[in-house]
Amino acid sequence: EAGFQPVLSVLSLPSLRPQAPEDCPGQRRRLRAQVRALEQRIGQQRLQVEQLRGQRQHRAAEQSPNPAGQAGFADCAQVFNAGNRRSGFYRIKPLRSPSDFLVYCDMSEGGGWAVVQRRTDGSESFNRPWKDYKEGFGNTLSADGEFWLGNDKLHSLTSQGNYNLRINMIDFEGDQRFAIYRNFKVGDEQSLYRLSFGEYSGTAGDSLSGRYHPEVQWWAGHNGMNFSTYDRDNDRYEGSCAQEDTAGWWFNRCHSVNLNGHYYKGPYTAVSDNGIIWYTWHGWWYSIRSVVMKIRPAEFE
């Protein structure tokens, strides 16, 4: 990357000449501190590289002519069908959207997927107000950044046809699961971004509907739920699920799924089950490492 100077030298470390025995513990502490500082700088520089790559993708998407002409693409499936096979940022304009916007199109797993949410490392807080979830937030410069596309954009995409939702998950042991829901829709703001979806398939278990147990569905199923944030309580619970579970989500009383929860590293303990949860895979007290939510038209093949 132009203008980027990686940390390559450890010449700043103290000389490793023999020291008097009484100096060894102090010397080891200083070396450990300097190694930690170098590791931190390297991590920061890697993040800068990812951000620069993302910015370059953004500029390319904004400056290059749109192959679909003035009408633009309505979703990532149209991007794919126009011959674009590389995952990255593309500009789309759903039929009912007042304006176009950039979205990350995932061309893997058959292609044509619009990524609407990503969790990877806990670098973004998802305990956000209504306005942030309405408009979208997070790191949309990096191909691996954490973000929420925005409820208005979700509505404009899913209101133009029948879309499938695919959720890919990885735990801290490296195991992977997925869930697919047909006919995934998000209502408009007037409907409080009400969630609806149809048939499930996959390997993660049907947590989103709560149908895995009849005594759970009435309080932990998410189909038909309104969206809630800590400043807009629209759930069915006498308290506030969004406040207790530190996320914006389609809570019931409260959840079997909370993919916007707090980023813990696997098993955790807390006042409430506020981690990144998919109950039928890891229960309520294990927070998943990686999540990607993405959508594409059901008829797309």
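Both Cys 76 and Cys 105 are buried, where buried means under 20% relative accessible area, exposed over 50%, and partly exposed in between (1.4 Å probe, protein chains only). That is a handy place to start a tour of this predicted model, in which local features need pLDDT of at least 70, side-chain atom pairs count only at pLDDT 80 or more, and totals for chains, interfaces and linings use all residues. Residues are numbered from 1 along each chain as its sequence is written, and side-chain values use heavy atoms, with hydrogens and water left out.

**Confidence**

The protein chain has an average pLDDT of 87, with 81% of the residues scoring at least 70; pLDDT is the predictor's confidence in each residue, from 0 to 100. Over residues 1-20 pLDDT stays under 50, and the model has 24 contacts for them beyond four places in sequence, a contact being heavy atoms within 4.5 Å. Residues 67-71 also stay under 50, with two such contacts. Where pLDDT is low, the predicted coordinates should not be read in detail.

**Disulfides**

A disulfide is a covalent bond between the sulfur atoms of two cysteines; here it is assigned to a pair of cysteine sulfur atoms within 2.5 Å. The structure holds two disulfides, and they are set out below.

| Disulfide | S to S distance | Torsion about the S-S bond |
|---|---|---|
| Cys 76 and Cys 105 | 2.0 Å | about -75° |
| Cys 241 and Cys 254 | 2.0 Å | -90° |

The link of Cys 76 and Cys 105 is left-handed. Cys 76 lies in helix α2 (residues 76-81) and Cys 105 in strand β2 (residues 101-106), so this pair ties together parts that are 29 residues apart in sequence. Helices (H or I, at least four residues) and strands (E, at least two) are DSSP runs, numbered from the N terminus.

The link of Cys 241 and Cys 254 is left-handed too. Cys 241 sits in helix α6 and Cys 254 in the loop between α6 and β10, so the bond connects parts 13 residues apart in sequence. Cys 241 is buried because its relative accessibility is 0%, and Cys 254 counts as buried at 9%. With the bonded cysteines numbered in sequence order, the pairing is 1-2, 3-4.

**Aromatic rings**

Rings of Phe, Tyr and Trp (its six-membered ring) pair if their centres lie within 6.5 Å; planes under 30 degrees apart count as stacked, over 60 as edge-to-face and the rest as tilted. The count comes to 20 aromatic pairs. In one of them, Tyr 133 and Phe 227 are tilted, at 5.2 Å centre to centre and 55° between the planes. Tyr 133 belongs to helix α3 (residues 130-135) and Phe 227 to the loop between α5 (214-220) and α6 (241-244), so the pair ties together parts 94 residues apart in sequence. Tyr 133 is buried at 0%, and Phe 227 is buried at 0%.

Tyr 181 and Phe 197 have ring centres 5.0 Å apart and planes at 70°, so they form an edge-to-face pair. Tyr 181 is in strand β7 (residues 176-186), while Phe 197 is in the loop between β8 (195-196) and β9 (200-202).

One aromatic cluster includes Trp 130, Tyr 133, Phe 227 and Trp 250.

**Charges over rings**

A charge sits over a ring if NZ of Lys or CZ of Arg is within 6 Å of the ring centre and within 35 degrees of the ring normal. The charged end of Arg 85 is 3.9 Å from the ring centre of Phe 80, and Lys 153 lies over the face of Phe 101 at 5.5 Å.
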